[in-house]
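Biologist: I am new to this structure. Please take me through one part of it, the interface between the two protein chains, in detail.

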Number of protein chains: 2
Amino acid sequence: MDSNTIARIQAIITKNSELFEELAQLYKLFGDSSRVKILCALTQSEMCVGEISEFLSITQSAVSHQLRILKSSNLVKSRRQGKNIVYSLTDEHVKTIIDCGMEHLSE
Amino acid sequence: MDSNTIARIQAIITKNSELFEELAQLYKLFGDSSRVKILCALTQSEMCVGEISEFLSITQSAVSHQLRILKSSNLVKSRRQGKNIVYSLTDEHVKTIIDCGMEHLSE
DNA sequence: ATAAAATATGAACATTTGCTCATATGTATT
DNA sequence: AATACATATGAGCAAATGTTCATATTTTAT
């Protein structure tokens, strides 16, 4: 590496240090099988807690806990519908990110 | 959700259960700020352990540990060059994935 | 108003994770 | 051959994480 390259990379890293923190934080959300399953299910359709719990064979409590994390990170949103609370993806990025990872795995 | 939708989603989830495990495992690698920084640095240029350590202000030992994880997951590869061991990305997917996450953050 | 249903939440616990420190290993230099 | 340099590795530790269990909260149905 020449000194120009070194300076450039050095700059990128130190300048965006905080950004990397956020990026890691984002990926951490996808880094748990329960959560990716939840997110992937939601790419297909919005659904309520009970359905998610049933689909994924995860405790209702566990699902709730994970949904809280996903919601506070703005990956999902929720609305009440009668007795149920229906969850859905906030935007299309989640699907994009999942697809991106899947792409890597299929090699 | 109609029963067709339910059946379809149910199928997707149970059929690919193992895949989600792998996907989560993959994202977990990006879910640590030290590792994304390392990976991002490597998108710019191959470099040796000492350089990474210097760039990121992380202990040499810590860098080595993380590189071992990244290598055993096939995200990076290494070769010896004199006294140093030079690390580089295995393929372009890492960059794609990082960009994909960055995209999400820039909103 | 009361009971049932759906979801949320807090505490406790076991597991995982990432770092540090000390040291081992391997290569280059003299 | 001996020393210095670069990297790897293992043990130990503290912090973070995900789950479970019990219970609280909120809405619906009777």
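Modeller: Buried area is the accessible area that two parts lose on being put together, summed over both. This is a predicted model. In it, chain B and chain A bury about 4300 Å² between them. Carbon and sulfur atoms give 73% of that area. Three residues of chain B stand out here: Tyr27(B), Phe55(B) and His104(B). Together they supply 16% of the area that chain B buries against chain A, more than any other three residues.

Now the residues in contact. Chain A gives 46 residues, and chain B gives 46 residues. Polar contacts link 10 residue pairs between chain B and chain A, counting pairs with both residues at pLDDT 80 or more.

Next, the elements on the side of chain B that touches chain A. Those giving two or more residues are α1 (3-15), α2 (17-30), α3 (33-44), α4 (49-56) and α6 (93-105) of chain B. The largest share comes from α2(B), with 11 residues. By class, this side of chain B has 24 nonpolar residues, 11 polar and 11 charged.

The surface near DNA strand C takes two or more residues from α3 of chain B. Also on that list are α5 (60-72) of chain B and, from chain A, α4 (49-56), α5 (60-72) and β3 (84-89).

Key. Residues numbered from 1 in each chain as written. Chains lettered and ligands numbered in written order. Predicted model: local features only at pLDDT ≥ 70, side-chain atom pairs only at ≥ 80, totals over all residues. Heavy atoms only, no water. Contact = heavy atoms within 4.5 Å. Buried area = accessible area lost by both parts, 1.4 Å probe. Polar contact = N/O pair within 3.5 Å; in protein donor to acceptor, adjacent residues only side chain to side chain. Helix = DSSP H or I, 4+ residues; strand = E, 2+ residues; numbered from the N terminus. Nonpolar A, V, L, I, M, F, W, Y, C, P; charged D, E, K, R; others polar.
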